[in-house]
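Dear colleague,

Please find the structure below, together with its sequence.

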Amino acid sequence: MTHDIINHLNICILELDDQLRLLFLNAAAENLLEVSGNQVRDHHIGDIFQSAGEIESIVFDSLTTEQSFTGRKVRLELVSGNIITCDYFITPIRNEEGTNAILELYPLDRYLKIDRDESISTQQQITRQMIRGLAHEIKNPLGGIRGSAQLLERELPTEDLRAYTEIIVDETDRLTALVDRLLGPKSLPQPSLTNIHEVLERVRTLIELEADPNLEFRTDYDPSIPEVSIDPELMVQVVLNLARNAMQALQDSTSPCLSFVTRIERQFTIGTTQHKLVAKIDIVDNGPGIPTELKQHLFYPMITGRPDGTGLGLSVAQSIVHQHQGLIEFESRPGNTIFSIFLPLELSL
């Protein structure tokens with residue numbers, strides 16, 4: 001099989017000599033590993049990874065024993081800092097000059113992402129169904145309590161006693177409003193073709209009115225993004241929730257900065273559907289980051305890292321974006337937290 005044919009394969013293939021130097025990478029491997037074959041040829045395999053101890057060791061064992069090896073779900077950290085998860089297959093091939101190794105990499109990140117997204121979506125659907133059932137059971141007695149308090153108020157002889165029934169009515173109204181917020185938006189999106197940057201600028205204006213004067217705002221917009229089929233009011237609610245969370249996370253930062261960034265992503269998978277084009281909207285802050293113990297459950301109702309938070313904003317935002325066939329993801333470490341909204345563009349074209 002010639003290198004020209006191998007270059008047209010979707011499988012990532014690397015050829016190494018007995019010193020673990022790279023003799024050949026096909027096009028798929030170049031894309032996956034984010035390197036140029038010409039630039040890394042004759043380099044040691046360790047030069048294209050920040051951490052590749054397991055692969056190096058197993059390739060060396062394969063060359064020494066002349067046996068094939070198979071591995072699953074190995075995590076490889078690239079020089080760029082990105083981490084990929086792959087299955088691999090190593091085949092030793094004897095030739096006139098010695099023994100070379102063929103390393104095949106099968107990236108799993110897309111499939112792992114699909115499984116993770118489906119799992120999260122299923123769990124959130126179950127949670128929402130439980131909340132709906134619980135909300136029904138709560139709102140019925142709340143209505144009875146409120147009505148009884150209003151009837152009692154009419155029978156009380158003095159104004160100071162009526163103050164107690166007013167408290168009962170106010171608190172039942174507050175609990176009813178909380179239950180309604182748990183249920184999320186009451187109506188389906190009313191989509192129309194919208195410039196996503198108009199949504200972001202509207203949110204930026206609102207946040208600037210609330211924010212500390214020291215908060216720096218940055219925007220980095222891709223003007224090539226076409227209009228997106230969204231409900232603009234609901235999407236303002238989504239971005240506003242994320243931006244307010246970011247602003248509140250920056251309260252104790254010495255040089256707080258909040259950024260809005262837009263880009264086009266190609267061949268992006270949402271759920272089980274691969275979209276040719278999606279709009280990516282990033283809300284970025286340089287705050288302390290999200291606590292590790294919250295990351296796995298951040299989009300569930302009542303999960304919050306703030307003492308005064310309700311934990312409903314992100315759950316509602318995720319629900320709205322799902323109604324738009326989109327997705328919210330986040331990455332967070334101290335000094336850099338990014339919430340990304342992905343919205344299909346082909347629905348708008």
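Predicted model: local features only at pLDDT ≥ 70, side-chain atom pairs only at ≥ 80, totals over all residues.

I167 belongs to helix α6, which covers residues 159-183.

Because the two residues are three apart in helix α6, about one helical turn separates E171 from R174. E171 counts as partly exposed because its relative accessibility is 37%, and R174 is likewise partly exposed, with a relative accessible area of 47%.

The strands may be taken next. Six of them make up an open sheet in the order β2-β1-β6-β5-β4-β3, and the pairing is antiparallel. The edges are held by β2 and β3 (49-51); each has a single partner strand, so one side of each lacks a neighbour in the sheet. On average, neighbouring strands of this sheet are turned by 40 degrees against each other, direction ignored. By way of background, strands of a sheet pair through backbone hydrogen bonds, in either a parallel or an antiparallel sense.

- With strand β6 (residues 98-107), β1 pairs in the antiparallel sense over five bridges. L14 stands opposite L103 of β6.
- With strand β2 (residues 22-25), β1 pairs in the antiparallel sense over three bridges. E15 has F24 as its bridge partner in β2.

β1 and β2 also form a hairpin, with five residues between them. In the turn, L20 has a positive phi of about 65 degrees.

Turning to β3, this strand pairs with strand β4 (residues 69-78) in the antiparallel sense over two bridges. Within that pairing, S51 stands opposite E77 of β4.

The structure holds 12 salt bridges, and two further examples may be of interest to you. One of them joins the side chains of R21 and D17, at 2.9 Å, N to O. D17, by contrast, counts as buried because its relative accessibility is 9%, under the 20% limit.

The other example brings together the side chains of R202 and E233, at 3.0 Å, N to O. This pair links distant parts of the chain: R202 lies in helix α7 (residues 196-210) and E233 in helix α8 (residues 232-249), 31 residues apart. R202 counts as partly exposed because its relative accessibility is 40%. E233 is also partly exposed, with a relative accessible area of 47%.

With kind regards

Notes:
Residues numbered from 1 in each chain as written. Heavy atoms only, no water. Helix = DSSP H or I, 4+ residues; strand = E, 2+ residues; numbered from the N terminus. Pairing = 2+ DSSP bridges. Salt bridge = Lys/Arg side-chain N within 4 Å of Asp/Glu carboxyl O. Buried < 20%, exposed > 50% of the residue type's maximum accessible area, 1.4 Å probe, protein only. Axes fitted to C-alpha atoms, helices over the stretch in contact; angles between N-to-C directions.
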